[in-house]
Amino acid sequence: MLLNQFLLLAAALFAIGVYGVLARRNGVLVLMSIELILNAVNINLVAFSAVRETVDGEIFALFIIAVAAAEVGVGLAMVLLLYRNRRSIDLTEIDLLRG
Amino acid sequence: MTVPAALQGLDPLTGGDVVVAQNIAFGILSVVMVVAALRMVTTRNVVHAALYLVIVLAGAAGIFILLGAEFVGVTQVLVYIGAIVVLFLFGIMLTRGALGEDEEANTEKRRMATLVGVLVLVVTGGAVLDSFGDTAVNRSAPSLTAEIGDTIFSQYIVPFEAVSVLLLAALIGAIVVARTD
Amino acid sequence: MTELLTLAASTATGLPLGITEGGSWLLRNAWLIPFLPGLSFVGILFFGKRMPRGGSELGVAFVGLAFVLSLLTAAAWIDHRDNFEGEEVHRAVAVAVAEHGGESAEGHADEGESAEGHVPGHPSLGVHNTVTWFEMNDVAFTVGTLVDGPAVMMLVVVTLVSLLVHVYSTEYVAGDRRYTHFFAFLSLFSASMLLLVVSENTLQLLVSWELVGVCSFVLIGHWWEEKPNSDAALKAFLTNRVGDIGLIIGVAILFFTVGSALPGQFGSFSIAETNALAGTGQLSHTALVVASCCLMAAVMSKSGQFLLHTWLPDAMAGPTPVSALIHAATMVVAGVFMIARMYGVFFEGFSIGGSSINLMALIGGITTLIGACLAFVQRDIKKVLAYSTISQLGYMVMALGVGAWTAALFHLFTHAFFKACLFLGAGSAAHAVHSFDMKSDMGGLRKVMPHTYRTFVIGSIALAGLPPLAGFWSKDEIFVGTGGWGLFGGTGGNGAYTFMLVMGVTTAALTAAYMTRCVYLTFFGEFRGHGTPHESGPRIVVPLWILAGLAIVAGFGNLPKGLPLVPESLQERFGHFVEPVASYFPGISHGTPSWSLATASTLVVLSGIAVAGWYYFVKVEAASKAAGESLTELPDGLTTKYPLARMGHTFLVQKYYLDHLYTDVIAGGTKGPVAAAAYKIDQDVIDGVVNAAGENAVKAGNLVYHRFDQLVVDGIVNNSGRASSGAGGELRKIQTGKVQDYAAILFASAMVLAGVLIVIV
């Protein structure tokens, strides 16, 4: 197996994740897309770890999984708050920063 | 940019049966993952999107095992599929009907997102192909869980503690943000 | 069993730590003492509600047991201090004298007989007992006990005060809706403090330090239904967090600094090792300075030193027994004890051996003065005592800062008794009149509450420091320790800290004066409150008398050397048994007591009492008679007559405006403006730049249009102006306010930049 095939798969997932973050209006879906991006990074880390035959990359992947759990918790709490206040989780309606 | 070299990754059938099997497994997994990921970001049903996410995450777990990182693979299944996706399903349930099904009205936004996504793919893919050529992954043996444990609790003890504090902070933060009062 | 612990791996081969694993059973098993109240906490938590007295009997029993055990341990220590003969002790102490004796032998030389500490055969080895908690990278993280003089002293004080507070509380909080909960946390509070006292390493110290903080939060906010109480609890907790950051950083710095001096280890939390290495100059001085400053921040918050003391008066919102426990024996002295425990580090870090004023002495000195000033303007009797505690803690920190270690610990010892007595007395008075306000609800209580009155006056005199009560001896020792007195027999010490002596003596006068005011307002004049107050029950009065008795006699524990009529075997007993004479303790010098200094300070105290007494007992009394009602101040006093005095008064009432500084300026100053600034930047700067660019371009265009021949550049100018204006309009559209649009720009530009980088590199 080549390193590149994993990296390209990760790049593809990353790009799809970016698309999801930018295109979807549903807050929950945006959070899911962020998970996609994080997974792409994890694949990269584990692949490099396999090439170097050390466990450091895997440990970083584990850290990312933990941090992702925290991120989802807080993110979903924010989406719930949004829903409670505005009865909508449409991100295009949140534009208080408009110039 | 040596594109052929990268594509060769899928067909060096010379390395014996194991390599062939691994490459076939990788091919199936990657196709399934990319398709599921694409469906996830395009489907209009949010619950379906969560299920597609499960497929992608399971595929990633498979990739980890393919790379000899069993512990990470198992953790991926436990934490991501077991916990985070359930969390997502709860989130979807609690915000049900919050959004009308008028997604296609926003074609301009999609065009922009597609543009950026393709740009990301081209640049990162190009960078990858440019940098690593035909470096091979030939791990002699799967990484040992004991070794991971040792390393976390010696070399990476400070980041580990930091992550545990972060989790606690996130827990408190989530409660404070989402409570009703 | 008897084995002398040395730093085998140290660069100085076999640097003795002055600790042993031998000693009597009691000393080796001191962990039982914190364990008992801890057990009581668990017991009360799970079974308290089902018990006939709501769990309080469990708390009293276990803390009483811990007190008995502490007394036995103290007896064992007194025996150990002089008579312990371990196998290798002679050799080890000889090594200690040879290697490290230079400075310590010199330091103790002027003490005559107490140089015995370094004579082989008279060791004061701390008793050390550890188990490994976990191990990684060849560093064993241990938990355990280090029992030596200061630890034993604290064990006795904490368990005694805690026991009395437990007994007192059974009456004071009787009928409270969270009676069981209160006793559970009282026990945990005592357990955490006891654990802190016997901690063998800084990590354990940190854990118990935090536990003390949590318990104080819970207890201060015991009646959390009222907003001020829960606010006070939060304030105490958050202010302590500020200092705890310092503690964590300091502990981490010391961990790695010690590690750098030990080959084959990357760190060590052991207090004995840290102090011993710091004392022999094997640690980097810079690291020690930084670590000392960080640890000092922790002391400032926990022990209510100036700048971070603001939580302490507010903590009076808690029930009075808690205030007594916090102020007398547990929470606030934790900081002082920490300095005493890590004295090797501070001694080197702040160069206490030299005469230049160091941070610790300065903070202590300032705190002692400002605390005493603030105590003058309080109406609430507990707040008077709270500021008095701040002031007295300032004394202790100042004493440690000038190198008078024994004096500081001795003051801690005596202060625990008389301050607990005062607090419990104040609680008793407040219990009777259902208020803490001296001016509107107290007065004349001496007739109806004779016991409370007498014990309170005894406590006040001890606090003011009149001979022969406890406060006098410890205060005098601190003055001697400053070494700033040269009249009729110099005092020696670690250097001449005359400035600190002046601060201390000024505070002594202020203390005497504000306690006179407090006693007058509470017990003299006519009763100004409602209802008919009556004396409290025996469970309140008996602890009061015990503490008052101790406030009288505790000072005899450390009679100064050379006092006539007293046998030599009774002189400096406290210093002899409490001060470690081991290589983990720096060699400090002791001042020699001076009759002239003692006389002068007593005169100062008497003049403070005289001035305040004249004002209240003569002038105010006369004015009250004339007015026919019980007044609390003169109607035409200084503050009404002189604007400058009034300004000073307001400044004090507002507590130097520190609370305003913290909440309005610092917290409010960061919270609001950040949000406002983000919005403003978006609105004004970005839009402004875009619009201004367009407008200026148009203006410039017009300027050029008028300045030059319009025939030549007319078209170009108009077009460029229009283009700029149009560009401004277009760019304005980017500011949609939608997160995803911004994200798209972010990703796209990042990728363009990355692409450029790839192409170039």
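Buried means under 20% relative accessible area, exposed over 50%, and partly exposed in between, using a 1.4 Å probe and protein chains only. The model is predicted: local features need pLDDT of at least 70, side-chain atom pairs count only at pLDDT 80 or more, and totals for chains, interfaces and linings use all residues. Residues are numbered from 1 along each chain as its sequence is written, and side-chain values use heavy atoms, without hydrogens and water.

**View 1. F255(C) and F256(C) form an edge-to-face ring pair.** The centres lie 4.9 Å apart with the planes at 80°, so the pair is edge-to-face. Rings of Phe, Tyr and Trp (its six-membered ring) pair if their centres lie within 6.5 Å; planes under 30 degrees apart count as stacked, over 60 as edge-to-face, and the rest as tilted. F255(C) has 5% relative accessibility, so this residue counts as buried. F256(C) is partly exposed, at 46%.

**View 2. F141(C) stacks with F255(C).** Their centres are 6.1 Å apart, with 25° between the planes. The partners sit 114 residues apart in chain C: F141(C) in strand 4 (residues 139-147), F255(C) in helix 8 (residues 227-261). Helices (H or I, at least four residues) and strands (E, at least two) are DSSP runs, numbered from the N terminus. Ring pairs join F141(C), F255(C), F256(C) and F269(C) in a cluster.

**View 3. R241(C) lies over the face of F237(C).** The distance to the ring centre is 4.5 Å. A charge sits over a ring if NZ of Lys or CZ of Arg is within 6 Å of the ring centre and within 35 degrees of the ring normal.

Note on methods
Chains are lettered from A and ligands numbered from 1 in the order in which they are written.
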